[in-house]
Amino acid sequence: MAKTLIAAVLCLLLSACEQKSSYDAPTLQRWNELKAELGPTFAGSPAWQAHMDFVEAGLVEAGVVAVETIPAPYTRWWAADKPSNAERALQIGDAVLPVASYWAYSGSTPAKGVTAPLLMYKKGLPREALRGRIVVFQVSPAPAGMAAMFSIGNQFATEDFAGPPGISNDQWYQGNYVTRFGRFDEVLKGSGAAGAIVVFSMSADRLAGLYTFPLFNLGIVGVPGLYVDAAVGADVLAAAKQGAVATLTLLAQTADVTPYFYTAVLPGRDYGTAQDEEVLLVTHSDGPNLTQENGTLGILALVREFAQRPQAERPRSLRVLLDPQHYSPGRHLIDWYEMHPQVMQRVVAVLGVEHIGQLEYGESEQGYGLTGRAEPWLIYARNDKAMIAAAIDAINTSGVPRTELRVPEKKGQGRWTGLAEVALKRDINGYATLSNMSGYWGTTAGIESFDAELGSLQIDTLVLLLDVLMLAPAQEGAAAAPL
């Protein structure tokens, strides 16, 4: 009775009862609504586990075998996404100032907060000067000189790809500044500072929910920190210049958790023999919002689509790999590839899947919000004439909008981005797909930011790319090349 009920629920949620399509727009909408209801899926959190349970059940229902999980334990830090004033607050004198977000993995205060004089940080300030102070940092917009970094050529782009400059480049720059460029965490760690405030050059709506990324270092900074927008920041900066006293509250928790790598195989025609070859489907399984990362659902759609074909008509096996280390401190400390040399000897191609169905965010006179357009979608390919031509044909055939093809091995087309970079490291065939990231560095992007019709067209493209990888001749000796 219980098994019958479970099967019925899976049939409903995964659309296993529908034969016309394994990933039509209504199915993708339903899947993503379920994920959105969970909230951020940080590795090891209850939301992450619930999402993984859903994806794993769908993959098993599709017919995967050889399921394996590899633990990736770490100490998780978290704070409430929708806090009360008692959980997250900033007060200077009698003024209670709104807080846009928090510094993830910074630290935690007592229930009453910490009270200390403000100190404006200047590069080179003696470390001892920070002790007992609430240190104020400032993040400016991306400098004009960085425009060249983002002005990258391409191999092909759809006619609608070009358009007015969006905010994604500046969002990436400012969002990455705290730990990548400014290294504020290294400034504070062990300093004895009482707290920290980071002032961003963003509106409150744009900054809301911004999550610290990347988390290069293990552990917690040890100094609780808050993020404020430009308008609130003006008051904070003025107060810091006067050495005013502030009270900062950030209540956070920690727990030892054990998320895991998940891998499984949809057998191809030669599965279980010495002739078996595999195409790797890889994505992150953790992220702060709906579509970073819903690559798991993209891979589920691909596996279900290819599972509809008889095994004898699948030239290669499909190897699923879901990596939980995207937003974990230290990032990618466990090398799954190094742990599985026998598996990687069979892998002759790779497809990276990330950021399905994203809509673009922007700023205008009306404020910050969705622009009504698709977020630009990027496809990376190896420098092979047949692979490039096949990718262009896939883009045109599917009719996917705002899409660009880059070949990083060609001069002027930037660097490879995405988990399918293993194609370069092992010199095998491969494509990586992902989107620009305008409003997707934080915890606030929900189901309203997802377009199921767009997601369906993107998966149409992925199916065509995967067909190419299923048939493309393996590069001689490539599968045995060292990482």
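**View 1. Helix 12 and helix 14 form a right-handed crossing.** A crossing is right-handed if the near helix is turned clockwise from the far one by less than a right angle, and left-handed if anticlockwise. The model is predicted: local features need pLDDT of at least 70 and side-chain atom pairs count only at pLDDT 80 or more, while totals for chains, interfaces and linings use all residues. Residues are numbered from 1 along each chain as its sequence is written, and side-chain values use heavy atoms, leaving out hydrogens and water. Helices (H or I, at least four residues) and strands (E, at least two) are DSSP runs, numbered from the N terminus. The axes of helix 12 (residues 385-398) and helix 14 (residues 452-471) lie 9 Å apart, at an angle of about 150°. Helix 12 is therefore roughly antiparallel to helix 14. Axes are lines fitted to C-alpha atoms, for helices over the stretch in contact, and angles run from 0 to 180 degrees between N-to-C directions. Angles under 35 degrees count as roughly parallel, over 145 as roughly antiparallel, 65 to 115 as roughly perpendicular and the rest as oblique. Residues in the contact include Met387, Ala390 and Ala391 of helix 12 and Leu457, Asp460 and Thr461 of helix 14; contact means heavy atoms within 4.5 Å. By class, the contact of helix 12 with helix 14 has 10 nonpolar, 3 polar and 1 charged residues. Ala, Val, Leu, Ile, Met, Phe, Trp, Tyr, Cys and Pro count as nonpolar, Asp, Glu, Lys and Arg as charged, and the others, Gly among them, as polar.

**View 2. Helix 2 meets helix 3 in a right-handed crossing.** The axes of helix 2 (residues 25-38) and helix 3 (residues 46-62) come within 9 Å, crossing at roughly 160°. Helix 2 is therefore roughly antiparallel to helix 3. On the helix 2 side are Trp31, Leu34, Lys35 and Leu38, and on the helix 3 side Ala47, Ala50, His51 and Phe54. The contact of helix 2 with helix 3 holds 6 nonpolar, 1 polar and 1 charged residues.

**View 3. Helix 9 is largely enclosed by the rest of the structure, because 12 of its 13 residues are buried.** Buried means under 20% relative accessible area, exposed over 50% and partly exposed in between (1.4 Å probe, protein chains only). Among the buried residues are Gly295, Arg304, Glu305 and Phe306.

**View 4. Helix 9 and helix 14 cross at roughly 60°, and their axes come within 10 Å.** Helix 9 is therefore oblique to helix 14. The crossing of helix 9 and helix 14 is right-handed. Gly298, Ala301, Leu302, Glu305 and Phe306 of helix 9 take part, as do Ile459, Leu462, Val463, Leu466, Asp467 and Met470 of helix 14.

**View 5. Leu59 sits in helix 3.** Leu59 has a relative accessible area of 0% and is buried. Not counting residues up to four places away in sequence, Leu59 touches Val64, Tyr262, Leu300, Val303 and Val320.

**View 6. Phe213 and Pro214 are joined by a cis peptide bond, with omega about -5°.** Pro214 is in the loop between helix 7 (204-207) and strand 10 (225-228).

**View 7. Arg402, in the loop between helix 12 and strand 20 (403-406), has a positive phi near 45° although it is not glycine.** With a relative accessibility of 6%, Arg402 counts as buried.
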